[in-house]
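Hi there,

Here is the structure I promised to pass on to you. Please open it and keep it on screen while you read the rest of this email.

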Amino acid sequence: MPSEAIASSHGIPPLPGQTNAGTDALSKHLVIVGLGMVGIAFLEKMLMNDEKTNLYKITILGEEPYLAYNRVGLTEYFQHRKFANLLLSPESFYESRNTAKWDYRVDEAVVEVNDTDKWVKTSSGDFFTYDQLVFATGSTALLPMEMLPVPKSGKTTDISVYRKMGCFVYRSIDDLNSMLQFSDNLGTHVGKTKRAIVVGGGLLGLEAAKALLDMNKYDNVTVVHRSGWLLSQQMDSKGGALLTEKVRELGVTARTGTLVEELIFDESQNLTAIRYNNGEVEDCQLLCYTIGIKPRDELASAAGIDTAPRGGIAINNFLESSSKNIFAIGECASWNDKTFGLIAPGVAMADVLAFNLTQAKNHAFKEFSEPDIGTRLKLMGVDVASFGDYFADKNGPKWLPAAMKKETDRKSCLKSLVFEDPIEGKYTKLIVTKDGKYLLGGILVGDTSNFTKFTALAKSRKPLPMSAAELIIGKPGDDGDEVNLLTDDTQVCSCHNVTKGSIAEAVKSGKCKTIPEIKKCTKAGTACGGCEPTIKVIFEAEMKKLGNVVANNLCIHFKQSRSDLFSVIMVRGYKSFSEVMRELGEDSKAAGCEICKPTIGSILSTLFNRHLLEADVHGLQETNDRYLGNIQRNGTYSVIPRVSAGEITPEKLIAIGEVAKKFDVYTKITGAQRIDLFGVKKQDLISVWEDLESAGFESGQGYGKTLRSVKSCVGSTWCRYGIGDSVGLAIRLEERYKGIRSPHKLKGGVSGCVRDCAEFNSKDFGLCAVQNGFNVFVGGNGGMKPAHAQLLQADCPPDQVIPLLDRYLMFYFRTADRLQRTARWVESLDGGIEYVKDVVVRDKLGIAKELEEQMQKLVGMYYDEWSKAVQDQKESPVFKQFVNTEKSQDTVEIIRERGQRRPADWPDKDVLKREDFKSIVWSSMSWKEVCDSSVLPDSEAGSSATVLISDTQIALFKSRGKLFASQNMCGHKRAFVLSQGILSTDEKDNTYISCPLHKRNYVLDQNKEETGSCKNDPAQSLATFDIKEENGKILVRLPPDSELDEILGTSRWKVKKEESVDNATPFKRIDQRFKIKVPTRAIPAIPAGCGNDSLDW
């Protein structure tokens, strides 16, 4: 039973000199020692539980000079360097506190506890009396002191001394900042490898390695781990081996089964090298130890409070220490001689104690029990998880059903189901009882989407609702269908001990109507973030139960979904973006954003087939549609002519070859039976299209959300197994549906028999020839989340295939969401494929004829986009690299591989330091005329262009009559492409440009707090410039050319081949070992005057 101290205590008069005068009206003073993750969790729970009874005045004392922050998210700090992003509660939580109820101190460690007189003394000399005291002091990371030299200062307890030597632990924000400063100041070591080594390959070790890797300061980052695989405390050998392999693929050296035996220092006590247990010596300048933790129990021990044999403040099931008024929670506490180094058990302790101190006198006391130490994390980009009794097969099960408890060999009562996918890098292991009825635990690598469901099933200790095998081979991650399997006490957020019931109740009560509100209210998803997908599913399920529609807004500018907008635009006949925004938008004058612009542009193209290069719709398009080609990582484009069904004549093959030779572009046959020309410069696109058009080619529209191709085998034309003319039908289908814009890309396939050489089962629509016609399948796709096509109609006569597909595709065009593939669309419909059959085959809604007629109308509007561009856009500045000069620049060095030209790889470790471009202070500025104002038409969707000033590319923009200028380079990948992005506005009416490669969004407005900042990547920024129009000219206010080039010049930022590992190196070893002769093209002779000195001719 708990002591009476939990339910009642007696106030003690303050001693002379104490800071609190004892005037509080509240009867009990609770002091919390420690303002860490567990301390703040306990404080918040106490404030919530004690809101009505008001039993306590609370003081929380923090040793660090910081407000409580998220240690789980420390690695992310290296990316954004903003401490505010780590705060567990915002500063406003502290600023708005009721000091009569609670107060806090930071940078004020407790140095003494007197349990007899019940007071604590802090490092500032202040005293605080208490009625009850809670230790939440956490733990300290271990350094192997026996391997370290005695500091010259003699201060062996001062960890900062060892940091100067190059030896660190990974525990606090100060540890991280010290590592950053040390790495920034680390000079060049001639003839030595610049190496950082992490000792300990557990959770913290991998986090530390990721942080060091992200610094881009070291030639090599190594993790040394004594076990045979990383994360050995949470993974079995197979799961750990897969994780280890993935870590190595990221560029980290993983030395498993290895120990560090000696640290080597120079005369100045700077670390220079280490020696392993195999005798090997390696250069090393920074060493980070993550080999374990020691509970912070020294303060309690000095106060006469019992500690456990293996460290930690000894507590009982009620979190009481040996003193009836003192409690301990988190990593400093030892329960049953066990300490827990994870946040979840600490928060569970905080839950129990907060309840018992405030509520238990009216309820049964809660007891702390064996916690679930399963974890779900993303380590170095790899999803990993362990749940339940995940080492039951190794250590023996902690629990068995009653029928098996008498078994003497407990391990024999278990079976393991294992799924391994080495191609996708996934591993699932489920440990079940030998009869398959009970799930005990398991391990997941690569895909943790079922973690919550598996954890709930293991915790329930109830018979499984399905066979154990179905848990693995069923549809992965389909939480939406299985959310009802989760009971209300299922723990969804292990970091903050938040259950499904808590989340559901927050929705039912009306307190939370959005997911951000759920996170703020319950704290779920605010630490590691791994539970966010499950939170979303529970939220949507509860909203649906309440009869509420979960908002499916397209973006901040439109409350409607894509399908709603399609219907309204179709019915009302809106034909421009401005008209749609004016009639349907939240702000009739808004410029739109990178979401709504291309979506509405696609709808307008589907319904009215506006040419994408027309001025008023050009700015709506994604970069690929804007330039009728696929942008590549060096800013050039790929060109794919249409080859319907993959059938091509010798003359056309030769013609493509001649065009490729003329422009010296890389050529490759695609998976869709077409030929792709890579590396076409923007200024060469018109000429390439013109040459292809003269040979009889049209645009293959490989750049658009439209039909890509209809793949075919040779069918009955040649194949001895073929029973249908697959080529003939595929050609007709591709010719019919080419050019029509859709919610997402479309792919078709026609196979001449069930051997399926055209892979119809993975297509948005696929046909298989059978004796009575064609079986028609729909809703398949490959890609990131593959889906098998489903049968729409069997034995469809050949002349009925097109009407059937007309209905199906038109129904999809009308009702699908933005960027929703047909597979996900079919799944999202109530009734799934059966509902599609009702509408398309059985005409349940009576719209079959209407759908066919609408498709016929769209088909009748087709024209070749390349041909029209050649006719109308030959002199357009849209297709110039720079509008103020005929000069051209390569922004990525071109190399030759197998005789073809391609861009050099992006740097393996980009060591070029990015300035804070937005904060650059130029020595002087002056106005410079850069181009005619006609190159920036005042079109409703915005316009853009690029000018070359000396060696620097400047992007110019015009939106809603306003001009903007910035650097053209996105610093994320050093890509000179910003002028080819989409102009947008946000909720604050900031104008921003969205990088077309990886969607970094930069604010362009001048003289704003956000000017030049990146909205979705704090590590990136942008230099912006004043711009104006005078007398038909565009003028930009710029610094001197030499200063501009020094900071932003293309020569400085151009990606060079020596920055990356030779891509051919690993293949050379393979070729030598297996004696493979790779065909290599003889480099053609280039006529005099052609080419570029930067190319390897």
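Predicted model: local features only at pLDDT ≥ 70, side-chain atom pairs only at ≥ 80, totals over all residues.

Residues are numbered from 1 along each chain as its sequence is written, and side-chain values use heavy atoms, with hydrogens and water left out.

Let's begin with the helix pair. Helices (H or I, at least four residues) and strands (E, at least two) are DSSP runs, numbered from the N terminus. Two packed helices are described by the angle between their axes and the distance between the axes. For helix H2 (residues 37–49) and helix H10 (residues 343–358), the axes come within 9 Å and cross at roughly 30 degrees. Axes here are lines fitted to C-alpha atoms, for helices over the stretch in contact, with angles from 0 to 180 degrees between N-to-C directions. H2 and H10 are therefore roughly parallel to each other (angles under 35 degrees count as such). Contact means heavy atoms within 4.5 Å, and the residues of H2 that meet H10 include Met37, Phe42 and Met46. By class, this contact of H2 with H10 has 12 nonpolar, three polar and two charged residues. Ala, Val, Leu, Ile, Met, Phe, Trp, Tyr, Cys and Pro count as nonpolar, Asp, Glu, Lys and Arg as charged, and the others, Gly among them, as polar.

Next, look at helix H18 (residues 562–572). Its buried residues are Arg562, Ser563, Leu565, Phe566 and Ile569. Buried means under 20% relative accessible area, exposed over 50%, and partly exposed in between (1.4 Å probe, protein chains only). The buried residues of H18 pack against helix H19 (577–584), helix H20 (596–608) and helix H26 (798–815). On the face turned away from the buried side of H18 are the exposed residues Val571 and Arg572.

Methionine 810 lies in helix H26 and is buried, with a relative accessible area of 0%. Leaving aside neighbours within four places in sequence, methionine 810 is in contact with Phe566, Leu851, Gln854, Met855 and Leu858.

Happy exploring!

Methods
Parallel < 35°, antiparallel > 145°, perpendicular 65-115°, else oblique.
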